[in-house]
Amino acid sequence: MNKQNKKYILKAEKIIPGVSQLLGKRPEMYLKDGNWPTYYKKAKGINIWDLDNKKYYDFSLVSAGTCVLGYSDNDVNKASIKAIRSGSISTLNPPEDVELAEVLLKDHKWAGGVRYVRGGGESMRIAIRLARAFTKKEKILFCGYHGWHDWYLAANHKSKKNLDFQLLPGLKPLGVPKGLSGTVIPFRYNNKSDFENIIKKNIKNTAAVVIEPCREGYPNKKFISKLRSITKKNKCVLIFDEITSGFRLNSSGAHKLVNINPDLVIYGKTIANGIPMGAIIGRKDLMNFTTKTFISSVFWTEKIGPASALAFIKKHKKLKLERKLIKIGKKIKKIWLDAAKKNKLKIEISGIDPLASFKIICPNWPATITYFIQEMLKFNILSTNQCYANYMHNDKSIKLYKEACFKVFYNISKILEKDNIEDYLEGPVKQMGFNRLTGSK
Ligand SMILES: Cc1ncc(COP(=O)(O)O)c(C=O)c1O
């Protein structure tokens, strides 16, 4: 591995706890012992150059799924540079806030108001505050991942296992007030017994039901409409967290596929193709509570975010980007399936096409996926068991990925026939990721 990279990791380990600000970008989530590039000098399209100018093809999550148009998209860049040149922030507000609200409300006719943030977790925090303020109730029922804030981690006060199947196993709610215990209860997506036991039992005292409309599969109309009718009947708020699912199956939310409107919907991540931006869109009576309680922050008033989001949404619609992402996602899934079939490996493939993941059924999956990442890197491909489809995954790069996958799957099948795959690792086994991302039960 390159010298500069190791130098930076060693320095970071001393002065930046965890090395990265995002769990998913810690090097040990891919390869430990300085074997993962970790730092980048430049990113463009689907390529990343590390600190020693080595060029990689990104077939992993493409920055946690933030840049569906590819890194450093020219049109989004143009809008953000124009915003910087005209003064990225001032005592007055950017008109782009209004222009973006008009675009978003045109796409969400049921809604009557929009607020902005710059991060996903904080937008979910606002949604929860609004629901509690509006309903004057406190309990939250949720499914999926919704950020790092206290309201969410409090789920693990009642039982340390509550977040096991939503996020990470064994997470301790350190620093989260015990007073929040019992205020937030998880349930599983489309699980009949959870619906009967958790949702029905608690709904009367509930302020909000929060879901990611889709993750391991496409949105389930029957389940979501059950949630819609039970929340309506019990006067609680239905919140769709589209921070990851948004802008992949159409030019707004995945929930549009099932034609069910929430009371609040949240977008983040890719809404401005990697420029920090997030939006909370909601029913007018609910959104009016943003001024009745106190929700306010200086950097939510800067111009680069909304200007970039306007450019991104315009380009997304023009390209009909979702069609391309779905097509590319299907190709990636087929590569995994064909490579497994050819090498007689048992494989499970899950996720919506643009957010696909695989798991080889074998005795030591953590070591096997570590080996996959390690060997794919030798083809200059950044990979893991998930691939977030990207507009810049063109035929040439997909061909490279396919050839590498077939070779690595072949090696895996040969090793698994007789050997311990851990003996083939050049470093320790990687740290396993979010359960909800890997589709693990
Ligand atoms: C569905 C969902 N909600 C919330 C978040 C938190 O967003 P952020 O990391 O921007 O705070 C994420 C991030 O992965 C997410 O996928």
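1. Two residues are counted as in contact if their C-beta atoms, placed from the backbone, lie within 7 Å. Please keep in mind throughout that this is a predicted model. On that basis, 21 residues of domain 1 are in contact with 29 residues of domain 2.

2. As for the domains themselves, the protein chain is split into domain 1, made of 3-72 + 321-438, and domain 2, which covers 74-319. Their centres, taken over C-alpha atoms, are separated by 28 Å.

3. On the side of domain 1 that touches domain 2, at least two residues each are supplied by α2 (62-65), α13 (321-342) and α16 (435-438), and α13 gives the most, with 4 residues. By class, the residues on this side of domain 1 comprise 11 nonpolar, 7 polar and 3 charged.

4. Within domain 2, which spans 74-319, helix α3 (residues 74-85) and helix α12 (residues 304-319) have axes that come within 8 Å and cross at roughly 155°. Because angles over 145 degrees count as roughly antiparallel, α3 is roughly antiparallel to α12, and α3 passes α12 in a right-handed crossing.

5. The contact between these two helices is formed, on the side of α3, by Asp 75, Val 76, Ala 79, Ser 80, Lys 82, Ala 83 and Ile 84, which meet Ile 304, Ala 307, Ser 308, Leu 310, Ala 311, Phe 312 and Lys 315 in α12. The residues of this contact of α3 with α12 fall into 9 nonpolar, 2 polar and 3 charged.

6. Sorted by class, the contact of α14 with α15 has 6 nonpolar, 2 polar and 1 charged residues.

7. Which residues come nearest to the ligand? Of the 14 residues around the ligand, they are Gly 120, Gly 121, Gly 147, Ile 243 and Thr 244. Helix α5 (residues 120-135) provides the largest share of the shell around the ligand, 3 residues, and the residues of the shell divide into 4 nonpolar, 8 polar and 2 charged.

Note on methods
Residues numbered from 1 in each chain as written. Predicted model: local features only at pLDDT ≥ 70, side-chain atom pairs only at ≥ 80, totals over all residues. Near = placed C-beta within 6 Å. Nonpolar A, V, L, I, M, F, W, Y, C, P; charged D, E, K, R; others polar. Axes fitted to C-alpha atoms, helices over the stretch in contact; angles between N-to-C directions. Parallel < 35°, antiparallel > 145°, perpendicular 65-115°, else oblique. Left-handed = near helix turned anticlockwise from the far one by under 90°. Domains from an automatic or database assignment.
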